[in-house]
Amino acid sequence: MAAGLFSHRVSDLCLGKPALRSLSVAATVGDALFALRSSEDSFLSVWSCDHRSNTAVAPHEEGEGGGECRCVGKLCMVDVICYLSSEDGLSSPSEALKAPVSALLPKIPGQVVHVEPSSRLVEAIDLILQGAQNLVVPIQTRSARRKQHQKLSSSTSPVTVHKGQEFCWLTQEDVIRFLLNSIGIFSPIPALTIDTLRLISTEVLAVDYHSPASAALEAISRSHIEQTSVAVVDGEGILIGEISPSTLACCDETVAAAVATLSCGDLMAYIDCGGPPEDLVRVVKERLKERNCKGMLEEFAISSAPSNSSSMSSSSDDESFPSPNAKLARSGKYSRSHSYSARMVRRSEAIVCHPKSSLMAVMIQAIAHRVNYVWVIEDDCSLVGIVTFSSMLEVFREHLENLQ
């Protein structure tokens, strides 16, 4: 069985994966926002191609000319929200939207890495452990998917085609899911506790429930890059909930106003699935007025929806938003109610386990909730640390090394 796992290639993990959507590096933040709001996908890939057309958002048709075309980043609504929550974004959102899309990309090299389909699975794992958060892999040829392209021709964020090839994302979750199918190879590791395996990291991103959400902006950005989350705790270190990039990715850009004006605890309620409560909407508007953020008030309409409470889950073992670009708003091409897209959204509850939970149980729990991490708490809900897919991959990679 071990030999079989070593023989697997990256292409084996890409079967059936959808082609990623593209945005030119020459696009603006406003272009990225429009593409995100118009797409069914939560993420966009940003490409630098010396043979692309000047269109802000366009596919490369045939890939002729031999120029280099590389993915340089991955964007979602979290990047837009964090950017617009900054002082520049608050003071003049319309100007902020004119900035190049590169302003949204993290200034950390090696976040996105191109990988050949023929690369071995263990090589992909090594890249992830070296810091690559997303791998870009060529998949089916254009000719094999031409009909599908025609159906998607009206999309504002089309698939990227280079020299007849499309591409897909390969993530930490994809690798963990694949390894789960061969979990018997790693016996007895999956049955051991995360405490025994020393998988619990105490280096967590945490903020106080009553602290300003704006003070957590750096932590939110970092957790987004590291594919984790920000724990929200009380004065005694009890885990109350989290501010998760996974939840923010399903929100509207108007959440930037909430980040700038609310406390961390109120922000959790604001972004909880179902939309922001009316009382918090009023608070945001009043505080924007107090801070004389006329640009933010003019650019964004904040609507409300029934509130939902924030909680934790554990297993032991009235108006649509206008576009920030008036031209886009007049086009009527999209409309999103409340602060949420039609995509699956997560509540702002924290997914938790205990130090004596088995690795297998934590893996399944994380996969079930579509997150790359699980918070670790004691019986009194005090925060112990966090277990991530990355730390799990380190254990599995070491075991594979011993099998060679």
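I began with β2 and β3, which run antiparallel and are joined by 6 bridges; strands are DSSP runs of E of at least two residues, helices are runs of H or I of at least four, and both are numbered from the N terminus. Two strands count as paired if DSSP finds at least two bridges between them. In this pairing I found V46 with G73 of β3 as its bridge partner.

Before going further I noted that this is a predicted model, in which local features need pLDDT of at least 70 and side-chain atom pairs count only at pLDDT 80 or more, while totals for chains, interfaces and linings use all residues. Residues are numbered from 1 along each chain as its sequence is written, and side-chain values use heavy atoms, with hydrogens and water left out.

Buried means under 20% relative accessible area, exposed means over 50%, and partly exposed is in between, with a 1.4 Å probe and protein chains only.

**Cysteines**

Which cysteines form a disulfide? They are C49 and C69, with their sulfur atoms 2.1 Å apart, where the criterion is a pair of cysteine sulfur atoms within 2.5 Å. The pair links distant parts of the chain, since C49 is in strand β2 and C69 in strand β3, 20 residues apart. Both C49 and C69 are buried. C76 is in no disulfide, and the nearest cysteine sulfur, that of C82, is 8.6 Å away. C76 has 1% relative accessibility and therefore counts as buried.

**Charge and rings**

I then followed K74, whose charged end sits over the ring of F43 at 4.4 Å from its centre; the rule asks for NZ of Lys or CZ of Arg within 6 Å of the ring centre and within 35 degrees of the ring normal. K74 also lies over the face of W169, 4.7 Å from the ring centre.

For aromatic pairs, the rings of Phe, Tyr and Trp (its six-membered ring) must have centres within 6.5 Å, and planes under 30 degrees apart are stacked, over 60 edge-to-face and the rest tilted. The count comes to 3 aromatic pairs. F186 and F396 form a tilted one, 4.6 Å centre to centre with 50° between the planes. F186 is buried, at a relative accessible area of 0%, and F396 is buried with 0% too. The ring centres of Y373 and W375 are 5.9 Å apart and their planes are at 65°, so this pair is edge-to-face. Y373 and W375 are both buried.

β7 pairs with β8 (residues 230-233) in the parallel sense over 3 bridges, and D208 has V233 of β8 as its bridge partner.

**Backbone angles**

Most residues other than glycine have a negative phi, and most peptide bonds are trans. I noted a cis peptide bond between S187 and P188, with omega about 10°, and P188 lies in the loop between α8 (172-180) and β7. R198 is in the loop between α8 and β7, and its phi is positive, near 55°. At 76% relative accessibility, R198 counts as exposed. N292, with a positive phi near 60°, lies in the loop between α13 (278-290) and α14 (294-299).
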